[in-house]
Amino acid sequence: MEWANDKSKGGVLAHLERLETQMSRSCKNLEDPPRETAESDLGTKIHKLRCLRDKLRAEVKQRQARIKASTANAEPDQTLEISEQEAVGGKEENMKAILQAYRFTGLSGKRTSRGVCVCISTAFEGNLLDSYFVDLVIQKPLRIHHHSVPVFIPLEEISAKYLQTNIQHFLFCLCEYLNAYAGRKYQADQLQRDFAAFLAGPLQRNSLCNLLSFTYKVEPQGRSFPFCARLLYKDLTTTLPTDVTITYQGTDASSTSWEEQRASHENLFFTKPLYQVFTSFARNGERLDMSLVS
Amino acid sequence: MDARRAEIRALEAEIAALRRACEEPRAPGEDTSRARKSLQEIHQSDSGEWAASKDLRGHLGHLESELLFLSTLTGINIINYSMKTEDLTSTENTEKSIKKVLQRHRLSGNCHMITFQLEFQILEVQNKESLSSVITDLNIIMEPTEYSELSEFVSRAEDRRDLLMFFRSLHFFVEWCEYRKCTFEHFKEKYSEAVRLPEGAASSCMVVQSPRQPGFELVIIWRIQIDEEGKVLPKLDLLTKVPQQGRCLVHSHDHHRPVRC
């Protein structure tokens, strides 16, 4: 849209108009939005805006009264009241803080001259991990200007499916993939860092962290590493493996207790994150030690 | 002249904010086209204004539209947020160049008809190699509490301190509830004689019966469940209610067929 005249005034008016058409469902009874007027009609415009504002204030009060009346047991709806006061008072600080707080929902962002830059935050079990951004250019068709999504995440596939038709779905889907990747990476890093004593050599993994291979033992004191694990995470939106193969490569292969252990390990790897599996190995090992001592 | 323009801008900002406060629960699916629309608005309205003034009212308008975009996109409307920090670094930590800070966050808002208040703590530990941020405590209060499926989900989120999953699942759960409500209301309106909503449109069951054969009933149970991973799944069950005399009819025609979705 082009506004040949005073750009700043035209811009805000157009913005107001669009907000109004968007909310026409909830504000059917209000008068038409003020049209673009010549300089000399400022007075009339102000008058119209004042009437509109007063109507809206009354409506907001009505809503609050309705909500208060219908939730007799609940506490007074302070959040709505605060919202009106602060929004009307225009507290910039609060709005800025709220914009920052959106990162806790997984998606936040800010405007750019081209459109909007969306920031996707990731976390795994309460650990806040890396954020990634996607810079969108508002054009037809919508496109990605640049991004920080790792190359092994199927961004092209996801954007081909959803970007043009459903931005929300596109971003939620991307969020899922990124969170799952961040969770798998965190598990692998943590295993390497905190349970290195249980591993024979470094963990083998691919960049997507969906194929892990390692040799391990369950007793910290033991000198051999009898078990070999291969974990495959076929579903890129999960943090638990879809395929688990544990092989026993110790010398007394005929013993049934090894087979039992192997099977129970497989089950553990399917259902628990890596560090939890090894924490339980460590705990069992401690119990074994205690029984030997006493 | 300037005073009038300033007044116009102030009024427009106020009106925009009041309209936000007026917002009623939207029909699902609208959110996605709204997200796109508000995305376009953000761009179109200010491509000229962007590089220009730092005028406070204009700036407020920018922030307003950013907030609107995010609340439309995530389905979560954050109304209030505050944070306090406390430095927990001990002298021993300082010697080893380790810094520990405890953040206390308070957040409140709503997701359509459900309001929430969150209090959570984040412990940030900075050492020479890295910075780690861990949510150490999470408390969630939600209203209304009639959605029984939610209370289990909330305790799970609190136990796991999984804030992101909480918001994401809440959004999808509420969206599904809206779908269900719209669907039930639609059928009730169209076939008002045959359809009954014994627990209201916001509940999980709808009863269909023919006015001519009142003994026979089809009960559609539409539950919305949140699984261990936080995925929101609708679960449909169809129950049939047949009076004693009707049983032999049903069996002889072999119509009986359970429906699972």
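## Report on chains A and B

Chain B has seven helices and eight strands. The model is predicted. Of the 261 residues in chain B, 43% are buried. When contacts in chain B between residues at least 6 apart in sequence are considered, 45% of them join residues at least 24 apart. Chain B has an accessible surface of about 14000 Å², and carbon and sulfur atoms account for 51% of that surface.

**Confidence in chain A**

The mean pLDDT of chain A is 81, and 76% of the residues in chain A reach 70 or more.

| Stretch of chain A | pLDDT | Contacts in the model |
|---|---|---|
| Residues 1–9 | under 50 | 11 contacts beyond four places in sequence |
| Residues 29–37 | below 50 | 23 contacts beyond near neighbours in sequence |

**Nonpolar cores**

The largest nonpolar core has 75 residues. Those that touch the most other members are A:Leu174, B:Leu107, B:Leu118, B:Phe166 and B:Leu170. Helix α6 of chain A (residues 167–194) supplies the largest share of this core, 10 residues. A second core of 24 residues is separate, and its members include A:Phe214, A:Phe227, A:Ala229 and A:Phe269.

What is A:Leu174 in contact with, leaving aside its neighbours within four places in sequence? The contacts of A:Leu174 are A:Ile120, A:Val134, A:Val149, A:Ile153, A:Leu155 and A:Ile158.

**Helix α5 of chain A**

Two of those contacts, A:Leu155 and A:Ile158, are also among the buried residues of helix α5 (residues 155–162) of chain A, together with A:Ser159. Viewed down the axis of α5(A), the buried residues lie within an arc of 95°, so they line one face of the helix. They pack against β4 (143–147) and α6 of chain A. The other side of α5(A) carries the exposed residues A:Glu156, A:Ala160 and A:Lys161.

**Strands β7 and β8 of chain A**

Strand β7 (residues 227–232) of chain A runs antiparallel to β8(A), and six bridges join the two. One of the bridge partners is A:Asp243 in β8(A), which is paired with A:Leu232.

Which residues of strand β8 (residues 243–248) of chain A form the covered face, and which the uncovered one? The covered face consists of A:Val244, A:Ile246 and A:Tyr248. On the uncovered face are A:Asp243, A:Thr245 and A:Thr247. A:Asp243, the bridge partner of A:Leu232, therefore belongs to the uncovered face under the burial cut-off of 20% relative accessible area.

Note on methods
Residues numbered from 1 in each chain as written. Chains lettered and ligands numbered in written order. Predicted model: local features only at pLDDT ≥ 70, side-chain atom pairs only at ≥ 80, totals over all residues. Heavy atoms only, no water. Helix = DSSP H or I, 4+ residues; strand = E, 2+ residues; numbered from the N terminus. Buried < 20%, exposed > 50% of the residue type's maximum accessible area, 1.4 Å probe, protein only. Contact = heavy atoms within 4.5 Å. Areas by Shrake-Rupley, 256 points an atom, 1.4 Å probe, with all protein chains shown as cover. Pairing = 2+ DSSP bridges. pLDDT = per-residue confidence, 0-100. Core = buried A, V, L, I, M, F, W, Y, C linked by side-chain atoms within 4.5 Å. Arc of directions from axis to C-beta.
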